[in-house]
Structure formats: structure tokens, C-alpha cells
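I opened my notebook to look at the pocket and then at the strands around it. Here is what I looked up, in order.

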Amino acid sequence: MLRYLVTLQVADRKGLVEQIAHAVSRHGGNWLDSELRHIDGIFAAILLLEVPASNWDILAENLECIEGLSMTYAKTNKNSHQIKHLSFSLVAYDRPGLVHDISNKISALGINIEHFSTRYESASHTGVPLFRANFDLGIKNPEQEDLLSSALYAIGDDVVLDKVTT
């Protein structure tokens, strides 16, 4: 069995997930992990699939035959490094450059971003534009965790950061 990270984009319509899942199943694949989103009329998916080596080419061909779908993929290996996983929720007043500021602070500490999800919304009572981010990090060194909160709070006085326990 080989592992592939697959990204898909296609104009959103009913039945896409079932169509993709059917192709994976029909070719002996195992759907291990995924993120599926509908953004501005586009269906976007990131899938981690495990597929028998002899079936990968035909599965890839079947997925590429879905009308309008564009696909990229890469063979992966299971990561066996010892990493502590942390999850955070951050809220701040929306402004240009926030994702850059956050990712820069995290990267400067040598921390890996494993998942990053953002959204724009208006505060319920004031209408002030808010930026929300939820992210999961992989930390190899315990000292990194101690420095992380300080680094993220340094982005601005409006930053609210919560460590999420799962």
C-alpha cells in the first residue's frame, strides 16, 4: 500500500464527495484523512489516501475524469518523529498581514504548522471586522511552547489566544 496526498478543485455541485469516495473505494483505496471545503463556489479537498500500488494509476485517471476537476498528488511516507501536538484559537481585529505575522512568529520558533484554518466575520454587537484562526502545531522542543504565546501576543494588543485541549 502506498500513501498519496491528493488535492482536488472543481466547481461545487451535489454528489462530488460520493463520486470521489466511490472511485477511491472501487480501486481498493483507504481514505485516511481529509479536509473538504466549499469556498466561493469551488469545492476544494485535501485527501490522504492509502492505495495498493497496482491501483494508483487507474484511480488517479478515474479522479481526473471527473468533469472540471483539477488534481495534484504526491507520494508520502508516514512520519515517525516524536512531536507534541498543540491546538490554538486566535482572534484579532482583521487587518492585512495577519496570516503573515502569525506564520512568521511560529516559523521563527522552528515550529511546524500542521493545520491552519481562518475566517473573517463581524463582531456580533459592534460589527467590527474580526479575524479568527484555528491552528494545530507540531512542537519538537518543550521550550518552544513557552515562547509561542509571548510571540503571538506580540502581534498586537487586540490578540486573544486560547490553547485548545482536545
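This is a predicted model: local features need pLDDT of at least 70, side-chain atom pairs count only at pLDDT 80 or more; totals for chains, interfaces and linings use all residues.

Entry 1: I then looked up the volume of the largest pocket and got about 1,200 Å³.

**Entry 2: the make-up of the lining.** How many of the lining residues are nonpolar, polar or charged? I noted 10 nonpolar, 12 polar and eight charged residues.

**Entry 3: where the lining comes from.** I checked the domains next. Domain 1 covers 2–76 and domain 2 covers 84–164, and each gives at least three residues to the lining of the largest pocket. Then I went strand by strand. At least two lining residues come from each of β1 (2–11), β2 (30–39), β3 (42–51), β6 (112–122) and β7 (129–139). Which strand gives the most to the lining? I found that β6 does, with six residues.

**Entry 4: β6 and its partner.** I followed β6 to β7. The two strands pair in the antiparallel sense, and I listed 10 bridges between them. On this pairing I marked Tyr120, which stands opposite Phe131 in β7. β6 and β7 also form a hairpin, with six residues between the strands. In that turn I noted Gly127, whose phi is positive at about 80 degrees.

**Entry 5: the other partner of β7.** I turned to strand β5, residues 84–93. β5 pairs with β7, again over 10 bridges and in the antiparallel sense. Here I picked out Phe88, whose bridge partner in β7 is Phe135.

**Entry 6: β3.** Is β3 mostly covered or mostly open? I found it mostly covered, with seven of its 10 residues buried. Next I looked up its partners. β1 and β3 are antiparallel and share 10 bridges. Ala11 has Ile42 of β3 as its bridge partner. β2 also runs antiparallel to β3, and nine bridges join the two. On that side, Ile39 is bridged to Ile42 in β3.

Technical notes: Residues are numbered from 1 along each chain as its sequence is written. Side-chain values use heavy atoms; hydrogens and water are left out. On a 1 Å grid over the protein atoms alone, a cavity is a set of points where a 1.4 Å probe fits but cannot get out, and a pocket is an open set with protein on both sides within 12 Å along at least five of seven lines; lining residues have an atom within 4 Å of a point. Grid points are joined across faces, edges and corners, and a volume is the space filled by probe spheres set on the points. Helices (H or I, at least four residues) and strands (E, at least two) are DSSP runs, numbered from the N terminus. Ala, Val, Leu, Ile, Met, Phe, Trp, Tyr, Cys and Pro count as nonpolar, Asp, Glu, Lys and Arg as charged, and the others, Gly among them, as polar. Domain bounds come from an automatic or database domain assignment. Two strands pair if DSSP finds at least two bridges between them. Buried means under 20% relative accessible area, exposed over 50%, partly exposed in between (1.4 Å probe, protein chains only).
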